[in-house]
Amino acid sequence: MKQLSITSAQVTDAALYQRYAPVIFAYLLRQVPSREDAEDLLVDIFLATMEKSALASMDEQRVAAWIWTVARNKVVDYRRRSKYRASIELAKVEDVLYESEEQAPERMALKHEERQTLHTLLQELPELQRQIVHLRFGHDLTCGQIATVIDKSEAAVRMTLHRTLKLLRTLYTRNEKGGTL
């Protein structure tokens, strides 16, 4: 079994954290707007204490003064940074986060499922019908333009498009009611 070795620096760091973290954290909570920011600053402060090797040789008063100085400086730095970046609490904007209901994640997922179903249904169509639907809705061509592209009459294109859309509606409705594709 592997033995864990703990250095005196680690014991000192842990002791400093246990001794000063609660009061520093209470101070930070009063200085910054959110608990998360206070927690982040607390971590930054004690990371700085771990990096400061000279703390081991300082007396208790100087260590405390140094930690409090770092805490105040971290708060000042935080305030300077927050002055230049706008921040709004999520709770204040969650009602208007998706101004359009169409952009809500649930609605986007439903749209994706509908597109997948439509894509599957389109793959089942004969090539000519698929091509006409693609040209009409994918490239926004008129029936006359499609007729020129596929070398058919405009009436034939209109009739094929009408029948194809009717078939797609039927297949889509059947699928929605629990039928198979």
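This is a predicted model: local features need pLDDT of at least 70, side-chain atom pairs count only at pLDDT 80 or more; totals for chains, interfaces and linings use all residues.
## The crossing of α5 and α8

Helix α5, which covers residues 105–123, and helix α8, which covers residues 154–176, have axes that come within 11 Å and cross at roughly 125°. That angle makes α5 oblique to α8, and the crossing in which α5 passes α8 is right-handed.

On the α5 side the contact is made by Glu114, Thr117, Leu121 and Leu122, which meet Leu168, Leu171, Tyr172 and Asn175 of α8.

## Salt bridges within helices

Side chains of opposite charge can pair when their charged atoms come close. The structure holds six salt bridges, and one of them joins Arg35 to Glu39, with 3.4 Å between the closest N and O atoms. Both residues belong to helix α2 (residues 35–51), where Arg35 and Glu39 are four residues apart, about one turn of the helix. Arg35 is partly exposed at a relative accessible area of 48%, and Glu39 is likewise partly exposed, at 35%.

In helix α3 (residues 60–84), Asp77 and Arg80 lie three residues apart, again about one turn of the helix, and their side chains meet in a salt bridge with an N to O distance of 3.7 Å. Asp77 is partly exposed, with a relative accessible area of 34%, whereas Arg80 counts as exposed at 52% relative accessibility.

## The pair Arg136 and Asp140

A further salt bridge links Arg136 with Asp140, whose closest N and O atoms are 3.4 Å apart. Here Arg136 counts as partly exposed at 26% relative accessibility, while Asp140, at 59%, counts as exposed.

Technical notes
Residues are numbered from 1 along each chain as its sequence is written. Side-chain values use heavy atoms; hydrogens and water are left out. Axes are lines fitted to C-alpha atoms, for helices over the stretch in contact, and angles run from 0 to 180 degrees between N-to-C directions. Helices (H or I, at least four residues) and strands (E, at least two) are DSSP runs, numbered from the N terminus. Angles under 35 degrees count as roughly parallel, over 145 as roughly antiparallel, 65 to 115 as roughly perpendicular and the rest as oblique. A crossing is left-handed if the near helix is turned anticlockwise from the far one by less than a right angle, and right-handed if clockwise. Contact means heavy atoms within 4.5 Å. A salt bridge is a side-chain nitrogen of Lys or Arg within 4 Å of a carboxyl oxygen of Asp or Glu. Buried means under 20% relative accessible area, exposed over 50%, partly exposed in between (1.4 Å probe, protein chains only).
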